[in-house]
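Student: Could we go through this structure together? I'd like to know what stands behind the labels.

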Amino acid sequence: MEKKVIIGGIYNSPSGVRYQVDKMVLNATGYEKNSSLIKTILYTQLDNGKYLKGTQWVRSEEDFLKVFELISKKQDKSE
């Protein structure tokens, strides 16, 4: 079964910090020179850790799926 990123989903990192996926965007760097568009995930840190809660991050979809584990399909960021 192919893993997919769930927009709004809550994911756990190996360090135990939770993140919520905000959206998927396309990285067009090099696109004009026939490079492929790279699906990139914009996500927000939900817990304090090395960086503060609310920090936003971006990561390629492929890398995101290798590192993070889905723990909930929907959750309100305000909790």
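This is a predicted model: local features need pLDDT of at least 70, side-chain atom pairs count only at pLDDT 80 or more; totals for chains, interfaces and linings use all residues.

Student: Why is Ser-13 called buried?

Tutor: Buried means under 20% relative accessible area, exposed over 50%, and partly exposed in between (1.4 Å probe, protein chains only). Ser-13 has 10% relative accessibility, so Ser-13 counts as buried. You'll find Ser-13 in the loop between β1 (10-12) and β2; helices (H or I, at least four residues) and strands (E, at least two) are DSSP runs, numbered from the N terminus.

Student: What makes the Ser-13 and Ser-15 side chains a polar contact?

Tutor: The rule asks for a pair of N or O atoms within 3.5 Å; within protein, one must be able to donate a hydrogen and the other to accept it, and residues adjacent in sequence count only if both atoms are side-chain atoms. The two side chains make theirs at 2.9 Å. Leaving out residues up to four places away in sequence, Ser-13 also touches Tyr-19 and Phe-68, where contact means heavy atoms within 4.5 Å.

Student: How do you know that β2 and β3 pair?

Tutor: Two strands pair if DSSP finds at least two bridges between them. Here 8 bridges join β2 (residues 18-27) to β3, and the strands run antiparallel. Asn-27, for instance, stands opposite Ile-38 in β3. With β4 (residues 56-60), β3 pairs in the antiparallel sense over 5 bridges, and Leu-42 stands opposite Val-58 there.

Student: And what makes β3 mostly covered?

Tutor: In β3 (residues 38-45), 6 of its 8 residues are buried.

Student: Why is the Tyr-43 and Phe-68 pair called edge-to-face?

Tutor: Rings of Phe, Tyr and Trp (its six-membered ring) pair if their centres lie within 6.5 Å; planes under 30 degrees apart count as stacked, over 60 as edge-to-face and the rest as tilted. These two rings have centres 5.4 Å apart and planes at 65°, so the pair is edge-to-face. Tyr-43 sits in β3 and Phe-68 in the loop between α1 and β5 (69-72), 25 residues apart, and both are buried.

Student: Which residues form one aromatic cluster?

Tutor: Tyr-11, Tyr-19, Tyr-43, Phe-64 and Phe-68 do.

Terms used:
Residues are numbered from 1 along each chain as its sequence is written. Side-chain values use heavy atoms; hydrogens and water are left out.
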